[in-house]
Amino acid sequence: MRLLLVEDEWRLTETISEGLSRAGFVIDALDTVREAEQALSAVPYDALVLDLGLPDGDGLNLLAGLRQKQSELPVLILTARDAVEDRVAGLDGGADDYLVKPFAMTELLARIKALLRRPGAALGTILTAGSLTFDSIAREAAVAGRRLDLSRQELALLAVCRTFLR
Ligand code: CA
């Protein structure tokens, strides 16, 4: 699974990137709306973790642009804006989930996994290519039903290559 994190507080970026990599995700981290838009048009991400207050604009505008392009990319907003109207604006703007800072890494991880398990999202399916099967929730790969003993990096690679699987 490949995630894009758009966040301009580098300490938070480090913490989140580390936590998510440990959970087996591949993370790209960017800190501006402009860079994020470029990356999103070039890379097929599985989910977006989006801060709202960014140096060159508001994450809500980036989100609006994505949804205008009919993108169904799962988006989790991560922000210090905790007023009810902010949450409503985020969810109305097309976010799938909204987490207020400060947050627990375990909760962020659980929420990302929940987003990825939704119908049509990246997790929740067993993918196959010939005799190879890959269970993206259990993170197990097998050939002809025999389980492969793969390292975390190999499984992450398989998850990234899943566009070649069905
Ligand atoms: Ca910020």
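**Figure 1. The boundary between domain 1 and domain 2.** About 540 Å² is buried between domain 1 and domain 2, and carbon and sulfur atoms give 55% of this area. Buried area here is the accessible area (1.4 Å probe) that two parts lose on being put together, summed over both. The model is predicted: local features need pLDDT of at least 70, side-chain atom pairs count only at pLDDT 80 or more, and totals for chains, interfaces and linings use all residues. Residues are numbered from 1 along each chain as its sequence is written, and side-chain values use heavy atoms, with hydrogens and water left out. Domain 1 covers 2–117 and domain 2 covers 126–164, with bounds that come from an automatic or database domain assignment. Their C-alpha centres lie 26 Å apart. Six residues of domain 1 are in contact with six residues of domain 2, where contact means heavy atoms within 4.5 Å. Between the two domains there are zero salt bridges (a salt bridge is a side-chain nitrogen of Lys or Arg within 4 Å of a carboxyl oxygen of Asp or Glu).

**Figure 2. The calcium site.** The calcium ion is coordinated by Asp8 (OD), Asp51 (OD) and Gly53 (O), at 2.2 to 2.4 Å. Aspartate 8 sits in the loop between strand E1 (2–6) and helix H1 (10–22), while glycine 53 belongs to strand E4 (residues 53–54), 45 residues apart. Donors are N, O and S atoms within 2.8 Å of the metal (3.2 Å for Na, K and Ca); water is not among the atoms, so the site may look incomplete. Helices (H or I, at least four residues) and strands (E, at least two) are DSSP runs, numbered from the N terminus. Aspartate 8 is partly exposed at 32% relative accessible area, and glycine 53 is partly exposed at 39%. On this scale, buried means under 20% relative accessible area, exposed over 50%, and partly exposed in between (1.4 Å probe, protein chains only).

**Figure 3. Threonine 13 in helix H1.** Threonine 13 is placed in helix H1. With 15% relative accessibility, threonine 13 counts as buried. Leaving out residues up to four places away in sequence, threonine 13 touches Leu5, Glu7 and Ala29.

**Figure 4. The salt bridge of aspartate 28 and arginine 2.** Side chains of opposite charge can pair when their charged atoms come close. Eleven salt bridges are found in the whole structure. In one of them, the side chains of aspartate 28 and arginine 2 meet at 2.8 Å, N to O. Aspartate 28 lies in strand E2 (residues 26–30) and arginine 2 in strand E1, 26 residues apart. Aspartate 28 is buried at 19% relative accessibility, whereas arginine 2 is partly exposed at 27%.

**Figure 5. The salt bridge of glutamate 9 and lysine 101.** The closest N and O atoms of glutamate 9 and lysine 101 are 3.3 Å apart in this salt bridge. The pair spans 92 residues, from the loop between E1 and H1 to the loop between strand E7 (97–100) and helix H5 (105–116). Glutamate 9 is partly exposed, at 41% relative accessible area, whereas lysine 101 is buried at 14%. Both residues belong to a network of salt bridges that links Glu7, Glu9, Asp51 and Lys101.

**Figure 6. The salt bridge of arginine 67 and aspartate 96.** The side chains of arginine 67 and aspartate 96 meet at 3.1 Å, N to O. Arginine 67 is in helix H3 (residues 59–68) and aspartate 96 in the loop between helix H4 (84–92) and E7. Arginine 67 is partly exposed at 22% relative accessible area, and aspartate 96 is partly exposed at 26%.
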